[in-house]
Amino acid sequence: MWRKLCLATAVVLALVAAPNADAGQDTHRETIHLKVSVFNDAQVPLSVLREAEARTQSVLDEAGITLTWLDCGTPGKWHTELGCRDISFPTHLSVRLVAAKKAVSEDTFGQSYLNEQGEGNYANVYVATLSSAKALDVIREGDLLGYVVVHELGHLLLGIGSHSAEGLMRAKWGVSELREAARGNLLFSKIEAERMRARYLSAAARGVGGDSSKLRISGK
Ligand SMILES: [Zn+2]
């Protein structure tokens, strides 16, 4: 088994089968535009970042979501002119590329943060863990970074209990997931894509906004 992408919790697993409150909503005709601020604390090289962006874009494209990736800079060189801080669920999310491993296990690549309603607008990706992962025997670093970013965006868009038994949203990526990833075939399922679109449209219609208070760690 390769390093885990993230750790499932009993709470998360218990909620996997929660009914989709948005089921039945016709979301096919709406274009979903997602903006993501990427704060490059880890100073990931631009070439790797571009690969990650392309991979994130391609996976979201398949799910019917158009991505605008904002390069928000590195420590001391933040790009304040791009609106990087104008974060608001569900239209504008954020990902911080963290250099230090901090308080996460050595096999955790990322974490996302959700409020009591299962909505959140920021996630961390732990670049030091990812950069030393055995998975890099199978997949390029930029691709892996992109898949981890899009996995965490999946948590933010899908809500609580968004791990799946297999595929992109599996809690632990095994050899089969990584091989599919290396081929560019690790994608959201149709059900996940539809759920993301439905939740996005529902939240956007309510004008949810960007309050990140009372956040708790959810999907990792
Ligand atoms: Zn996860």
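## A partly exposed loop residue

A residue is partly exposed if the number of other C-beta atoms within 10 Å of its own falls between the buried limit of 20 or more and the exposed limit of 12 or fewer. Gln43 has 14 C-beta neighbours inside 10 Å, and therefore counts as partly exposed. In this predicted model, Gln43 sits in the loop that links E1 to H2. The phi of Gln43 is positive, near 55°, although the residue is not glycine. Most residues other than glycine have a negative phi.

## Overall make-up and confidence

The chain holds six helices and eight strands. Along the sequence the order of these elements is α-β-α-β-β-β-β-β-β-α-α-α-α-β. Of the 220 residues in the chain, 40% are buried.

The average pLDDT of the chain is 84, and 80% of the residues score at least 70. Residues 1-25 have a pLDDT below 50, though this stretch has 49 contacts in the model beyond near neighbours in sequence. Where pLDDT is low, the predicted coordinates should not be read in detail.

## E1, H2 and E2

Strands E1 (32-39) and E2 (65-71) run parallel and are joined by seven bridges. The chain passes from E1 to E2 through helix H2 (residues 46-62), in a right-handed β-α-β crossover. One of the pairings in E2 is that of Leu67, the bridge partner of Leu34.

The largest nonpolar core has 52 residues, and the members that touch the most others are Leu97, Val125 and Leu130. Helix H4 (residues 141-158) supplies the largest share of this core, with ten residues. In soluble globular proteins, nonpolar side chains tend to be buried together. Not counting residues up to four places away in sequence, Leu130 touches Phe109, Val125, Leu144, Leu145 and Val148.

H4 is mostly covered, with 16 of its 18 residues buried. From first C-alpha to last, H4 reaches 25 Å, close to the 26 Å expected at 1.5 Å a residue. The residue that follows H4 is Gly159, and its phi is positive, near 90°.

Gly161 belongs to the loop between H4 and helix H5 (175-182). With 20 C-beta neighbours inside 10 Å, Gly161 counts as buried, because the limit for a buried residue is 20 or more. Gly161 and Gly118 are 43 residues apart along the chain, and their C-alpha atoms are separated by 8.8 Å.

## Helix H6

Helix H6 (residues 190-206) has 17 residues, and its span from first C-alpha to last is 24 Å, close to the 24 Å expected at 1.5 Å a residue. The buried residues in H6 are Ala193, Arg195, Met196, Arg197, Arg199, Tyr200 and Ala203. An α-helix has 3.6 residues a turn, so residues three or four places apart point the same way. Among the elements that cover the buried residues of H6 are E1, E2 and H4. Gly207 follows H6, with a positive phi near 65°.

Arg96 is a residue of strand E5 (residues 92-98). Arg96 has 19 other C-beta atoms within 10 Å and is therefore partly exposed, because a buried residue needs 20 or more. Leaving aside neighbours within four places in sequence, Arg96 is in contact with Phe39, Asp41, Tyr122 and Asn124. Asn124 is 28 residues from Arg96 along the chain, yet their C-alpha atoms are separated by 4.8 Å.

Four of the five residues of strand E6 (residues 110-114) are buried, so E6 is largely enclosed by the rest of the structure. E6 and strand E7 (residues 122-126) run antiparallel and are joined by four bridges. Within this pair, Tyr113 stands opposite Tyr122 in E7.

The peptide bond from Phe89 to Pro90 is cis, with omega near 5°. Most peptide bonds are trans. Pro90 lies in the loop between strand E4 (77-78) and E5.

Methods. Residues are numbered from 1 along each chain as its sequence is written. A nonpolar core is a set of buried Ala, Val, Leu, Ile, Met, Phe, Trp, Tyr and Cys residues joined through C-beta atoms within 7 Å. Helices (H or I, at least four residues) and strands (E, at least two) are DSSP runs, numbered from the N terminus. Two residues are in contact if their C-beta atoms, placed from the backbone, lie within 7 Å. The expected span of a helix is 1.5 Å times one less than its number of residues. Two strands pair if DSSP finds at least two bridges between them. A crossover is right-handed if, with the strands pointing away from the viewer, the path from the first strand over the helix to the second runs clockwise. pLDDT is the predictor's confidence in each residue, from 0 to 100.
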